[in-house]
There are 4 protein chains.
Amino acid sequence: MPPLDPAAAPRWRRRKEDRPQEIVAAALDVFAERGFAAARLDDVAARAGVSKGTLYLYFPSKEDLFKAVIRAAILPNLERAERMIAEVPGPSFALLERLLAMVAELIATTRAAIIPKLVIAEAGNFPELAAFYHREVIQRGFGLLANLLARGVARGEFRPMNIDHAVRLIAAPLLMSAVWRSAFDAVAPMDVPALIATHRDHLRRALLVDGETPNGDRS
Amino acid sequence: MPPLDPAAAPRWRRRKEDRPQEIVAAALDVFAERGFAAARLDDVAARAGVSKGTLYLYFPSKEDLFKAVIRAAILPNLERAERMIAEVPGPSFALLERLLAMVAELIATTRAAIIPKLVIAEAGNFPELAAFYHREVIQRGFGLLANLLARGVARGEFRPMNIDHAVRLIAAPLLMSAVWRSAFDAVAPMDVPALIATHRDHLRRALLVDGETPNGDRS
Amino acid sequence: MPPLDPAAAPRWRRRKEDRPQEIVAAALDVFAERGFAAARLDDVAARAGVSKGTLYLYFPSKEDLFKAVIRAAILPNLERAERMIAEVPGPSFALLERLLAMVAELIATTRAAIIPKLVIAEAGNFPELAAFYHREVIQRGFGLLANLLARGVARGEFRPMNIDHAVRLIAAPLLMSAVWRSAFDAVAPMDVPALIATHRDHLRRALLVDGETPNGDRS
Amino acid sequence: MPPLDPAAAPRWRRRKEDRPQEIVAAALDVFAERGFAAARLDDVAARAGVSKGTLYLYFPSKEDLFKAVIRAAILPNLERAERMIAEVPGPSFALLERLLAMVAELIATTRAAIIPKLVIAEAGNFPELAAFYHREVIQRGFGLLANLLARGVARGEFRPMNIDHAVRLIAAPLLMSAVWRSAFDAVAPMDVPALIATHRDHLRRALLVDGETPNGDRS
DNA sequence: CATGAATGAGTGTTCATTCAT
DNA sequence: AATGAATGAACACTCATTCAT
């Protein structure tokens, strides 16, 4: 029970609980601007409004901070996608359409789109990080898609297929779009939602039992 | 058998003709192991069997050495693909099939597959490098594919399409495969040719006017 | 007596207040021994009893450290000279005598005498440094002398003269003495105060309205 | 006796004799632009139109090349001054005037004016060089002046004086002018001949028995 | 004589991490 | 809990000198 005497209340309960997320948000910004290796913890600390030493109170190393950044940027979106699939009952392809549009939107508009590039760049130097990302992000994301596809096949909506391959082929343009934004947007920007819309059309013909149905775009 | 008398062995030998390629080959190895930023020129020199100073006789900076590595690894393959398209007269989709198989093979078997990862990792810190790669590799590769698609459409083999999008959707699984090999092969290896074969099947249905033709896999 | 147990000795101690001057003093020593360009920051750090990285906590570059060395070595003396001229009311030539003697003494006995040599040596390669020294040291020193001469002329003590030239002619033997000590003292040492005393006699005849007054040396 | 058969004459007696002076001239240029330490032998070789290895056929080290540069730039002028003093019979002060004007002219117009700065800068790192310069240039120059002064005193033209000091006081503004041109001309150029003319006027009053004689400028 | 390819020691600067306060 | 002064290892690039050709 907290003390009722206001004079006894700590004067600076300065959001001890918020510190980690503030640091993680600052780190995402700095990593996005400079890449992981070139990012300076000085800059992260400055942007988070703390001292450099404080970072080490919450994260034992730069690499661990990186993992926290990945978790914070990706997991909420993964969970959102998982909920969408679990809750929405309609035709499987319609679900896939919504999923593609959602990810395209995320890639086109949020800072989190930089994460794949960062992981790709550092995977070689931090195998543990590669394993972490594969386990916590890729496998979950692929699993989610695989479930959707399996459901569609079971319902007779989708043709029989090698689900593993299909998952990767569905994901590839999304990954490429995220990477492109991170690496080449300055030299040749790209309309991610439009590209993914075309991807959806390709997928309709490739996956659906009656992919030739003329009712193209409803999403 | 070389003389064992060390006084008789020259400290070095003139190799003006061969040095550049030897250095570039060593650099590709080291860059592949450590990434560009983390690679030490000491290691490159040691692996090439020369002193560090010698690197600077042939390449004015680490970044220029990187460009030379890219050129050496990519351009011969690009030229090979361009020749293939120019010379082979058959149906456009058959050409596309051969192209996909060739690239899949390169990605699955050669060290050059590491290049996209390296460029992606450094594009942010070396904008000039991103521009170089976009100009010398991506635009040429995309242009080559665009020509092939335009020819197919003109001949009535392919449906009318947004060629720009189609090119990127064809390339995406190849890029993803190269990146995967560079980043996640240790944790979860991947059968690139098999994936690209499925990609080809998807593309047949997505691109061909009569994509439903049953003669699936001959390649 | 300090404890001999090495585990009890802290690896370092906070010295935020004193560090800059300690580093500057060490830098003056090393620059004097090797010259600016040949001086190694490793040596400066070692002599200051800090690590090389610590230098960069206080000075953003070697060149900036050089400027701090110049300021620390010269400005106190300039200020002393300025005070002397402002406070002492007597005949202008007597003031000039005291000024000459003071500078001669500084040149003959202090490490600061090395500064002109260092600046001369590096001016070509660091134009910004030359401008800095001209602005912060030469102009102030020349201005101080010019004031003294103008006062003497106004009072009828000195002949009318080109003050700009006179200032330089007064300064030249001082500069030469400082440079000589820095460059040739090992091969042919020089009695700076005696030379400057003769300089004073020359100046008496050259500058004073009645320079022939027979009372030569009183200083 | 040279062979008369023209076919036996060497086809490319390519000025084997001129090489050293060409190299020395190139070196003076490069040393003047960059200073001794920062000068690259690559640049010297390029400017002399030879290969870098060729430099070592004529000069065993960079320092020896420096000595040759000094000799080539200074000795002819010293000899010219010595001849002037030996041959011209007139009043001693008139001789001194001509000497001052000649040196002022050299300082104001020739590349050799950079030499004192170069020697000053490197004296600390090459004591042997300092000794060389002191012996070959300074002592000879000072001796020449000392002779002139001694002659003037003997003839009753000059007051009795400490000749050693007087020599240095005469030389100081010349040295300062040379150094100024090398170090500060870019930030504040200086009219050397005008300054030295005022120096001459000061010296007239300081040295001559009847220094007050009103016939100021005839030089 | 002349070349120029090759050497390799040398150093200013950065930054993740530690730890005295 | 928080600070920020201090550490020290790491690395690209230069250039006088050597020597195989």
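## The interface of chain C and chain D

In this predicted model, chain C and chain D bury about 3,800 Å² between them, and carbon and sulfur atoms give 73% of that area; buried area is the accessible area, found with a 1.4 Å probe, that two parts lose on being put together, summed over both. The size of an interface is often given in this way, as the accessible area lost when the parts come together. The contact, which means heavy atoms within 4.5 Å, takes 39 residues from chain C and 39 residues from chain D.

Between chain C and chain D the count of salt bridges is zero, a salt bridge being a side-chain nitrogen of Lys or Arg within 4 Å of a carboxyl oxygen of Asp or Glu. Six residue pairs, with both residues at pLDDT 80 or more, are in polar contact across the interface of chain C and chain D. A polar contact is a pair of N or O atoms within 3.5 Å, where within protein one must be able to donate a hydrogen and the other to accept it, and where residues adjacent in sequence count only if both atoms are side-chain atoms.

On the side of chain C that touches chain D, the elements that give two or more residues are helix H6 (115-123), helix H7 (127-154), helix H8 (163-184) and helix H9 (192-207) of chain C; helices (H or I, at least four residues) are DSSP runs, numbered from the N terminus. H8(C) provides the largest share of that side, with 11 residues. By residue kind, the side of chain C that touches chain D divides into 26 nonpolar, seven polar and six charged residues, where Ala, Val, Leu, Ile, Met, Phe, Trp, Tyr, Cys and Pro count as nonpolar, Asp, Glu, Lys and Arg as charged, and the others, Gly among them, as polar.

## How the copies are related

Chain C is superposed on chain D, with an RMSD of 0.2 Å, by a rotation of 179° with 0.0 Å of shift along its axis. The two copies are thus related as by a two-fold rotation axis. The superposition is by least squares on the C-alpha atoms of residues with pLDDT of at least 70 in both copies. Of the residues of chain C, Ala121(C) comes closest to the rotation axis, with its C-alpha at 2.2 Å. Because 100% of the interface residues of chain C are also interface residues in chain D, the copies meet through the same surface.

Chain A can likewise be laid on chain B, by a turn of 179° and a shift of 0.0 Å along the axis, with an RMSD of 0.2 Å. Ala121(A) is the residue of chain A that comes closest to that axis, at 2.3 Å (C-alpha), and 100% of the contact residues of chain A recur in chain B.

## The interface of chain A and chain B

Here 39 residues of chain A are in contact with 39 residues of chain B, and about 3,800 Å² is buried between chain A and chain B, 73% of it on carbon and sulfur atoms. The interface of chain A and chain B holds zero salt bridges and six residue pairs in polar contact, both residues of each pair being at pLDDT 80 or more. H8(A) gives 11 residues, the largest share of the side of chain A that touches chain B.

## Salt bridges and a buried proline

Over all chains, the whole structure has 65 salt bridges. One of them joins Glu97(A) and Arg200(A), at 3.8 Å from N to O. Glu97(A) lies in helix H5 (residues 92-109) of chain A and Arg200(A) in helix H9 (residues 192-207) of chain A, so the pair ties together parts that are 103 residues apart in sequence. Both Glu97(A) and Arg200(A) are buried, where buried means under 20% relative accessible area, exposed over 50%, and partly exposed in between (1.4 Å probe, protein chains only).

In chain B, Asp29(B) forms a salt bridge with Arg111(B), with 2.4 Å between the closest N and O atoms. Asp29(B) is in helix H1 (residues 19-34) of chain B, while Arg111(B) is in the loop between helix H5 (92-109) and helix H6 (115-123) of chain B, 82 residues apart. Asp29(B), at 23% relative accessibility, and Arg111(B), at 45%, both count as partly exposed. Pro116(B) lies in helix H6 of chain B and counts as buried, at 12% relative accessibility; Tyr133(B), Leu175(B) and Ala178(B) are touched by Pro116(B), not counting residues up to four places away in sequence.

## Conventions

Residues are numbered from 1 along each chain as its sequence is written, and chains are lettered from A and ligands numbered from 1 in the order in which they are written. In this predicted model local features need pLDDT of at least 70, side-chain atom pairs count only at pLDDT 80 or more, and totals for chains, interfaces and linings use all residues, while side-chain values use heavy atoms, with hydrogens and water left out.
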